[in-house]
Amino acid sequence: MKRATWIRTLVIVGFVLLLEALCRWGAIGRMTMIPPSAMAEHLWKLLQEGRYNGDIVQTLRNVLAAFVLAVVGGFVLGSLLHAWPRARRAVDPFLATYYAIPFFAFYPLLVVIFGLNAAPVILIGFLFGVVAMILNTLNGLDRIPPVLVKTARIAGLGPLRTALLVKLPSAAPQLFTGIKLAIAYSFIGVIAAEFIMSTSGLGYSIAYAFNNFDNRTMYALMLFIIVLVTVVNAFFHVWERRIMARRGL
Amino acid sequence: MRQALDSLGFVLVLLAIWQGLHWFAGDIAIASPLDTARRAAALLASDQFWPHFRETFAALGYALLIAVLGGLTIGLLLGLHRLSGEVAEPILVSLYSLPKITLYPLILLVFGLGMSAKVAFGAIHGIIPVAIFTLGAVRTIRPVYFRTARVMRLSTRQLVTGIVLPAAVPELVSGLRVGFALTLLGVLIGEMFASQRGLGYLVMNAIGTLDVPTMMAVVLLLAIVAVLVSAALLHLDRRLHQRAA
């Protein structure tokens, strides 16, 4: 392992141990935070009892749905915009400022329209992720070297085979960046939506535990989400590194 | 010119879709664009609206100040020391993609309900992108500048104010743009959960009374302010990057 990786592991372990010590010695009050070991212990118990399995499955299903919609929708919209430059120039200012709009404020509106079910939650996750995918699809398609497309034409490839054999592999790194952002944003959107207003899911369970002063459950579920999201993001990060390394980037 | 017209056309398409949705879903779910604009004008003229507006943007201002100063300091320190940067960057990136809403209860327990919790929550959203962009900017400064600084025997303070900061400014503005958007999002989410004041609270309150026009008017006003600020920053961003290139 590299030296930086070692130090990083030490820093993280040290931070967790510091939190543990501060909580145990009472520098951080019991009502504010429980020691990390207690969080892990309680989480293990909750998982064994299976009390929150339904919420976990539901949140994961919503994230997956939002993620797939964002990636497919973003890729299709991005490709269409790339093929139609005039439309692209027209929407460009909106794409650039899209993430400034706190469209999370639209969530209550979506609840009014669709009702208090999974649809508005998935839609918010989708809205968070789709524009990152559109922007990265455009970026990837822009960077295809013209010489590759010309070569494909000389080799007599049709449009479909050009897309599959030349364009897609060539744009893959940027597409992957889009996919990576889409999964992170889907998680953020879905869990935040559940937290603010819903009747089930992990985000809701944390808000519910908070409102009922059930700190142990709250911190156990927080730990679960942090670990889960970090592992998923790290998985995509490593995968991306592999793709980049294979291309000598 | 043609592009501006096309963009205007896109706005009209959006408005048409909005009106269509209104006809399709009815008054209870979606207010028409005209009704929303009328309600927005009424809100702007009313006395009840402005305290909420001030509350949200005061929280945003403080949070942004903390995010920029904190992010700048972290980014500079990590950028100037190579090993620390390598150690910290993956941690920053994974913090960036964490759903920070899960940490909101912790912040409420530490700061209590009110302004300071909102500011803290907004600041943790904004500080990470500013730090990541600053770190990247400092790291990509051409080595010859640092060598020149050493030849000229500049002190660390002179190095930072004379070389590092000016070279990092374009990227800093990019970071500020992302930071602004996320900080606003953080403040609003903070107001939507367990808060009694601010625009986020107004939205949640409006849904409680099923007052759809007010809800949409507040969201519309927020979106307009956010887009204007972001467009100004984007403009500055592009100008600075062009000058640097």
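This is a predicted model: local features need pLDDT of at least 70, side-chain atom pairs count only at pLDDT 80 or more; totals for chains, interfaces and linings use all residues.
In chain B, the C-alpha centres of domain 1 and domain 2 lie 29 Å apart. For chain B in particular, the average pLDDT is 86, with 99% of the residues scoring at least 70.

Let me stay with chain B for a moment. The domain assignment places domain 1 at residues 1-28 and domain 2 at residues 31-244, and where these two domains of chain B meet, 6 residues of domain 1 are in contact with 4 residues of domain 2. On the domain 1 side of that contact, the residues divide by class into 3 nonpolar, 2 polar and 1 charged.

Chain A is also divided into two domains, with domain 1 covering 1-33 and domain 2 covering 48-246. Taken over C-alpha atoms, the centres of domain 1 of chain A and domain 2 of chain A are separated by 31 Å.

Now to the interface between the chains, where 43 residues of chain A are in contact with 47 residues of chain B. Which helices of chain A each supply at least two residues of the side that touches chain B? They are α1 (3-25), α4 (85-97), α5 (107-114), α8 (159-196), α9 (202-211) and α10 (215-246) of chain A. If we sort that side of chain A by residue class, we find 35 nonpolar residues, 5 polar ones and 3 charged ones.

One of those helices, α8 of chain A, brings me to a packing arrangement inside the chain. Helix α7 of chain A, residues 146-154, packs with α8(A) at an angle of about 165°, and the axes of the two helices are 10 Å apart.

As for the residues involved, α7(A) contributes Leu148(A), Val149(A) and Ala152(A) to the contact, while α8(A) contributes Thr162(A), Val166(A) and Ser170(A). By class, this contact of α7(A) with α8(A) has 4 nonpolar and 2 polar residues, and no charged ones.

To leave you with the two contacts of α8(A) that I have described, this helix supplies at least two residues to the side of chain A that touches chain B, and within chain A it packs with α7(A).

Note on methods
Residues are numbered from 1 along each chain as its sequence is written. Chains are lettered from A and ligands numbered from 1 in the order in which they are written. Domain bounds come from an automatic or database domain assignment. Two residues are in contact if their C-beta atoms, placed from the backbone, lie within 7 Å. Helices (H or I, at least four residues) and strands (E, at least two) are DSSP runs, numbered from the N terminus. Ala, Val, Leu, Ile, Met, Phe, Trp, Tyr, Cys and Pro count as nonpolar, Asp, Glu, Lys and Arg as charged, and the others, Gly among them, as polar. pLDDT is the predictor's confidence in each residue, from 0 to 100. Axes are lines fitted to C-alpha atoms, for helices over the stretch in contact, and angles run from 0 to 180 degrees between N-to-C directions.
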